[in-house]
Amino acid sequence: MNQYLRLFDFKQKVDYKIEVLAGLTVALALIPEAVAFSMIAGLPPLVGLYAAFVMGLITAIFGGRPGMISGATGAVAVVIVALAKSHGIEYVLATVVLAGTIQILVGLLRLGKLIRLVPHPVMFGFVNGLAIIIFMSQLDQFKTDVNGEMVWLNGQPLMMMLGLVALTIAIMVFLPKLTKAVPASLVAIIVVFLLVIGLGLETKTVGDIASIKGGFPPFHLPAVPFNFETLKIIFPYAAIMAGVGLIESLLTLNLIDEITETRGRGNKECVAQGTANMLSGLFSGMGGCAMIGQSLINISAGARARLSGIVAAVMLLVFIMFGASLIEKVPMAALTGVMIMVAVGTFEWISFRMIGKMPKQDTFVGVLVAAVTVLLHNLALAVLIGVVISALVFAWESAKRIRARKYIDEKGVKHYEIYGPLFFGSITAFNEKFDVLHDPQEVVIDFRESRVADMSGIEALNKLTERYKKAGKTLHLKHLSSDCRKLLQNAEDLIEVNILEDPTYHVVTDQLK
């Protein structure tokens, strides 16, 4: 076990320069996102910034995926916005603490491995949907508030914004071809910032969104009644928040695993996410989860260790406490350009080439998950729909694979050798294999290459036994694996089957246990 765990320690040489510069870049990118998400949730901007600091620091130190960035996210903001409007910020903070507790329990119970149930087409859809959301969210920067209504920029402001965004993108595209000594995204932000300041250009800045000036996150116990009524109010929100946060975090972890060709520890990440959310709620933060955009900025900058995440969180706090006046002057065009390139890098372009080469149902699932992600901004629902549809497709395909080889031995006993699983989906095809009226007096069903998977399969065997019994014939079940026999024994009060014992035979699955 210890050898297995050591595989995930990620002990490698750390490039401190790359880690620090990547962390600084991520810190700059965290600010507008945290502010925007807190406003979506109907909370003060500092609540989102405090959450980004606490979440980022705790998960960077204790998380199961070095290099992954956590903070306040839109997925969580969408969950708590209704609670914030109906009950206020104190109930939101209590919800965040409870959600963190649930996530810790998930990790301690080692349920993080359930993410393995997410098929690859669902991953494609999830990633592509997020890429589209990231891109579309940047379009808001090309709008301005006119009499309380958001309208598109036009004329010189629009040209200015487009030009600065294009410059940012150009630097990020071409600089890596010249040198990778420094993150291209950080260079792009600095160049655009100096250009705007030096030439006195009028363009939207971080300060135009909201002030980020504040102090150290204050410790604060949520001022809510500690009774069952409060639990009834916050538990549904906490459960959804915990689920959404873990799904997004674990899917992001898998994505970073693929990019870096290493493996993270899902259960450890669950505990870290839960701890971070608990502390976030206690230090006036809105909570959150892993952020795919900022994580990809970090990884694309070359960061692979925990240091970059720690630097990002600490620098964010430094900006809040001491550098707010400077950071508020950073052009939004620079951050918009960076996030657009993140969206382009996030999108799985290979999925287009796979259309026509993979099963149609997989293509459908991928497109559906992406569509639900984009239209509803509900990542948990999108992934759940994808998993359910994939499971139903698998069940349908498995149901069509049940077969039976038939022969009559020298004693006149007819044998049915079953191939494929017997479960709710294959019952109809299974029953069609038997000719009760014309079969001899004794029949044996051989399950050497099959398995009874559920109660529906047991009930099918019971009804088949009754059909043979009414016809005055005997039916035996042979070569049932130990788990199948246990299922039948557990249901012996409900059904009647005749198991043909074969003590000299050992099922392959039993030998592997």
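This is a short tour of one protein chain, stop by stop, with something to select each time. The model is predicted.

**Stop 1: the largest pocket**

Start with A36, F37, I40, S137 and D140. Of the 34 residues that line the largest pocket, these are the closest to its centre. The pocket has a volume of about 1000 Å³.

Now colour the elements around it. Helix 2 (16–40), helix 4 (74–87) and helix 6 each give two or more residues to the lining of the largest pocket. So do helix 9 (206–209), helix 12 (292–300) and helix 15 (332–346).

What kinds of residue make up this lining? There are 19 nonpolar, nine polar and six charged residues.

Stay with I40 for a moment. I40 lies in helix 2. Is I40 buried, exposed or partly exposed? I40 counts as partly exposed, because its relative accessibility is 43% and that class covers values between 20% and 50%. Next, draw a distance from I40 to V76. These residues are 36 apart along the chain, and their C-alpha atoms are separated by 9.9 Å.

**Stop 2: a nonpolar patch on the surface**

Select L105, L108, L109, L111, L114 and L117. Together they form a nonpolar patch on the surface. The accessible area of these residues together is about 620 Å².

Pick out L109. Where does L109 lie? L109 lies in the loop between helix 5 (89–108) and helix 6 (120–138). L109 is exposed, because its relative accessible area is 59% and exposed means over 50%.

**Stop 3: two cavities**

How many cavities of 30 Å³ or more does the structure hold? The structure holds two of them.

For the largest cavity, select L30, A52, G56, A60, M68, I69, S70, G309, A312 and A313, which line it. Two elements give two or more residues to this lining: helix 3 (45–62) and helix 13 (307–321). The space inside the largest cavity is about 40 Å³. Its lining divides into seven nonpolar residues, three polar and no charged.

For the second largest cavity, select T59, A60, R65, P66, G67, M68, I69, N298, A305, R306, S308 and G309. About 30 Å³ of space lies in this second largest cavity. Helix 3 and helix 13 each supply at least two residues of its lining. The second largest cavity is lined by five nonpolar, five polar and two charged residues.

Look for A60 in both selections. A60 lines the largest cavity, and A60 also lines the second largest cavity.

**Stop 4: a salt bridge from R65**

R65 forms a salt bridge with D257, and the closest N and O atoms are 2.6 Å apart. R65 lies in the loop between helix 3 and strand 1 (70–71), while D257 lies in helix 10 (residues 228–260), so the pair ties together parts that are 192 residues apart in sequence.

Are the two partners buried or exposed? R65 is buried, with a relative accessible area of 3%. D257 counts as buried too, at 11% relative accessibility. Both values fall under 20%, so both residues belong to the buried class.

**Stop 5**

E229 forms a salt bridge with K232, with the closest N and O atoms 3.5 Å apart. E229 counts as partly exposed at 48% relative accessibility. K232 is partly exposed, with a relative accessible area of 46%.

**Stop 6: a salt bridge between K414 and D439**

Move along the chain to K414 and D439. Their side chains meet in a salt bridge, at 2.8 Å from N to O. K414 lies in strand 6 (residues 414–422), and D439 lies in the loop between helix 19 (427–431) and strand 7 (442–452), so the pair ties together parts that are 25 residues apart in sequence.

K414 is buried, with a relative accessible area of 14%. D439 counts as buried at 4% relative accessibility.

How many salt bridges does the structure hold? The structure holds five. The tour has visited those of R65 with D257, E229 with K232, and K414 with D439.

Terms used. Residues numbered from 1 in each chain as written. Predicted model: local features only at pLDDT ≥ 70, side-chain atom pairs only at ≥ 80, totals over all residues. Heavy atoms only, no water. Patch = residues over 30% accessible without salt bridge, like charges linked within 9 Å, V, L, I, M, F, W, Y side chains within 5 Å. Areas by Shrake-Rupley, 256 points an atom, 1.4 Å probe, with all protein chains shown as cover. Salt bridge = Lys/Arg side-chain N within 4 Å of Asp/Glu carboxyl O. Helix = DSSP H or I, 4+ residues; strand = E, 2+ residues; numbered from the N terminus. Buried < 20%, exposed > 50% of the residue type's maximum accessible area, 1.4 Å probe, protein only. 1 Å grid on protein atoms, 1.4 Å probe; cavity = no way out; pocket = protein on both sides within 12 Å on 5 of 7 lines; lining within 4 Å. Points joined across faces, edges and corners; volume = space filled by probe spheres on them. Nonpolar A, V, L, I, M, F, W, Y, C, P; charged D, E, K, R; others polar.
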